[in-house]
Amino acid sequence: MTILQSLPIIDPTSYLPHTHLLPSVSLSTSNNRPSRSETANAIHRACRDVGFFYLRVDSFLSPEECNEVVDSGREFFKRPQEEKELIRLEESDGVRGYQRLHQNITKGKADHHEALDLYAPWPSSSSPPTASESMTDSSESPKTTLAPLRGPNQYPSNPASMRHTLERWTEKMKILGEAVMHAMADGLGLDDKEWKDLWGLVNDSFWVMRVIGYPPLPPGAEGISCGEHKDYGCLTFLLADPIPSSLQVLSTSSTWLSADPLPGCLVVNIGEMWSIWSRGLYPATLHRVIHTSPTYRVSVPFFFEPNYHARVKGLEGARRKCLEEGREEVDGGEVMYGDFLLGKVSGNFKY
Ligand SMILES: O=C(O)CCC(=O)C(=O)O
Ligand SMILES: [Fe+2]
């Protein structure tokens, strides 16, 4: 098995609509980028062998717009605690809004970070709550009458531009989501009809965005900045400030690799829904954050997820690919993404 010292770098330019490329990327320079088949093959290897990769986005995102997102988070976290608490989770549906330091729990342990969590608007066409969608019987339930995930997003008043900055970022991430999904479908060898079917499961993504602030871990303290976990959904696009050695990824060779930010790149990883679609060929990778450097760290993961009501199960194309590569397929069953997500978020916070 190859021991990877660092994460692969994938350039999705050939899958991005030309109209969305930066003006500085002329047709001639975009022709120097990898072809669709080169990108698709590279993404297949990255998803199969590592589960994490760098996505080179310098043809699509300017350094200024990336900095603006991180800077707005940094500004927000500097505001007085009482002001941040005005938009705490409990003011909405218990999952949208500001969470204070240690409010997020991973595997029973409090994480040393604060955050602002946002979700796609609740799908208007959806049916009334089912029993599995209610967490009102939990002793940990927030003091809110709104069912989880059904409340409004909450935006800070300071900085006032943050809402607009994050909404613009969301639109960009959705375009990137389509490009990377398409490259993955090609990498897996799906035909056109199979790609369209897959796209139909993510074309109204129930996305999630977190703006996370990490104070340094106190020296010698027990605890972790963000506990070891797999992401729940489809694809995570992580934008982080340049502080190295914070995010760590468990490689298939069982060593922790540092996924340090690279200029012009986002860090991307695949979540559990891709693990099911790919029949285990693309395992969702364990990762964690241990932030000991003395500088306050800001990261902004955008989770490009399936549609809320998408039914996710192993793809036929993945079965063919497993056979072709002589790999055993893993049956991950079938889940309704929204149910799966609710099961996860309802245990995430201490109120
Ligand atoms: O802050 C990071 O680098 C990663 C955060 C993360 O893994 C998550 O929120 O799922
Ligand atoms: Fe994560």
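**Close-up views of a predicted model**

**View 1. The shell around ligand 1.** In this predicted model, ligand 1 is surrounded by Arg-210, Ile-212, Cys-226, Asp-231, Leu-238, Ala-240, Leu-247, His-287, Val-289, Ser-299 and Pro-301 (C-beta atom, placed from the backbone, within 6 Å of the molecule). Helices (H or I, at least four residues) and strands (E, at least two) are DSSP runs numbered from the N terminus. By class, the shell comprises 7 nonpolar, 2 polar and 2 charged residues; Ala, Val, Leu, Ile, Met, Phe, Trp, Tyr, Cys and Pro count as nonpolar, Asp, Glu, Lys and Arg as charged, and the others, Gly among them, as polar.

Residues are numbered from 1 along each chain as its sequence is written, while chains are lettered from A and ligands numbered from 1 in the order in which they are written. Because the model is predicted, local features need pLDDT of at least 70 and side-chain atom pairs count only at pLDDT 80 or more, whereas totals for chains, interfaces and linings use all residues.

**View 2. Helix H5 and its end.** Gly-189 follows H5 and has a positive phi, near 85°.

**View 3. The largest nonpolar core.** This core holds 91 residues, of which Phe-53, Leu-55, Phe-237 and Leu-266 touch the most other members. H5 contributes its largest share, 12 residues. A nonpolar core is a set of buried Ala, Val, Leu, Ile, Met, Phe, Trp, Tyr and Cys residues joined through C-beta atoms within 7 Å; buried denotes 20 or more other C-beta atoms within 10 Å of the residue's own, with C-beta atoms placed from the backbone. Beyond its neighbours within four places in sequence, Leu-55 is in contact with Ile-10, Pro-12, Val-180, Phe-237, Cys-265, Leu-266 and Val-268 (C-beta atoms, placed from the backbone, within 7 Å).

**View 4. The surroundings of Val-202.** Val-202 lies in the loop between helix H6 (192-199) and S7. Val-202 is buried, as 24 other C-beta atoms are found within 10 Å. Residues up to four places away in sequence aside, Val-202 touches Met-181, Cys-234, Pro-306, Asn-307 and Ala-310. A distance of 14 Å separates the C-alpha atoms of Val-202 and Glu-171, which are 31 residues apart along the chain.

Technical notes:
Buried ≥ 20, exposed ≤ 12 C-beta atoms within 10 Å, placed from the backbone. Contact = placed C-beta atoms within 7 Å.
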